[in-house]
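Hi everyone, thanks for making time this morning. I'd like to walk you through one structure, so please have a look at it while I talk.

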Amino acid sequence: MANTVSAYKEKMKEMSVLSLICSCFTAQPHPNSTYQYGDMEVKPINKRLSGQSFEVILKAPADLSPDRPLTLTSPPRKKDMSLYELQKRLEAAEDRRRFQEAQILKQLSEKREHEREVLHKALEENNNFSKMAEEKLNYKMETSKENREAHLNALKQRLRDKERHAAEVRRNKELQADLSG
C-alpha cells in the first residue's frame, strides 16, 4: 500500500501541469482520451459540480517490462488440492484456534487472579481502617468518660470545700453571737 501511494505521488509530480490545467478548462473530456505516464494511466471522468475528476490506474510492477504487452491478465489459478492437503490445512487451522483459545483462557484466568488479589487487598485495607476507626472511637469514648468523671470529681470536691467553708462561717457566727451575747 505504501509503495502504491509513493508511486502515485511520484507520478503526479511527473505529470505535466499544463495538461492538468488544460483539462480543467475543457467542458467535456474526449470520450476515449487516456493519458499514459510510464506505469500510470489517467482517464478523465465526466465533469462533476465540484470540478474535473480523474481515474488513476497504477500498473503492477510486473507489467512494466517493455517487451510485455499492455493487457490485463487474470490472476493465476490455484492448483487443485488433494483431500489430504485440505485435511492438513483444516487440522492446522484447528490447532491455531485451540492455541488462541488456550491463550485467551490463560489471560482471563490471570486477569481473574489479579482481580481476586486486588479485591483481597481492598478487603484487608477496609478491615484495617474499620479496626482503626473503632479503636479511635473507643479511645475517645473512654477519654471522654474519664474526663466526665474527673469533672464530676472536681465539682464534688468544690462542693465539699464550700460546705466546709459554710460550716466554718456558721461556727464563727455562733462563736461571735455567744461572745457578744
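**Contacts, a buried glutamate and some salt bridges**

Let me start with contacts: of those with a separation of 6 or more, 23% are between residues 24 or more positions apart. Please keep in mind that this is a predicted model.

Now the overall layout. The protein has 3 helices and 3 strands, and along the sequence they come in the order α-α-β-β-β-α. How much of the protein is buried? Of its 181 residues, 8% are buried. The exposed surface comes to about 16,800 Å², with 57% of that supplied by carbon and sulfur atoms.

With that in mind, let's look at E41. You'll find E41 in strand β2, which covers residues 40-48. Is E41 buried or exposed? E41 has a relative accessible area of 16%, and because the cut-off for buried is under 20%, E41 counts as buried. What does E41 touch, if we leave out residues up to four places away in sequence? The answer is T34, Y35, Q36, E55, V56, I57 and K59.

Next, a spot on the surface. M81, L83 and L86 make up a nonpolar patch there, and together they have about 280 Å² of accessible area. M81 sits in the loop that runs between β3 (51-58) and α3 (83-180). With a relative accessibility of 32%, M81 is partly exposed.

Now to the charged residues. Side chains of opposite charge can pair when their charged atoms come close. How many salt bridges does a search of the whole structure find? It finds 6, and I'll show you a few of them.

In helix α3, E94 and R98 are 4 residues apart, about one turn of the helix. They form a salt bridge, with 3.7 Å between the closest N and O atoms. R98 also meets D95 in a salt bridge, at 3.7 Å from N to O. D95 and R98 are about one helical turn apart because they are 3 residues apart in helix α3. These residues are partly exposed: E94 at 26% relative accessibility, D95 at 46% and R98 at 48%.

Further along, R164 and D161 form a salt bridge too, their closest N and O atoms being 3.2 Å apart. Both are in helix α3, 3 residues apart, so about one helical turn separates them. R164 is partly exposed at 48%, and D161 is partly exposed at 35%.

Let me finish with a network: salt bridges with shared partners link E94, D95, R97, R98 and E101 into one.

Definitions and conventions: Residues numbered from 1 in each chain as written. Predicted model: local features only at pLDDT ≥ 70, side-chain atom pairs only at ≥ 80, totals over all residues. Heavy atoms only, no water. Helix = DSSP H or I, 4+ residues; strand = E, 2+ residues; numbered from the N terminus. Buried < 20%, exposed > 50% of the residue type's maximum accessible area, 1.4 Å probe, protein only. Contact = heavy atoms within 4.5 Å. Patch = residues over 30% accessible without salt bridge, like charges linked within 9 Å, V, L, I, M, F, W, Y side chains within 5 Å. Areas by Shrake-Rupley, 256 points an atom, 1.4 Å probe, with all protein chains shown as cover. Salt bridge = Lys/Arg side-chain N within 4 Å of Asp/Glu carboxyl O.
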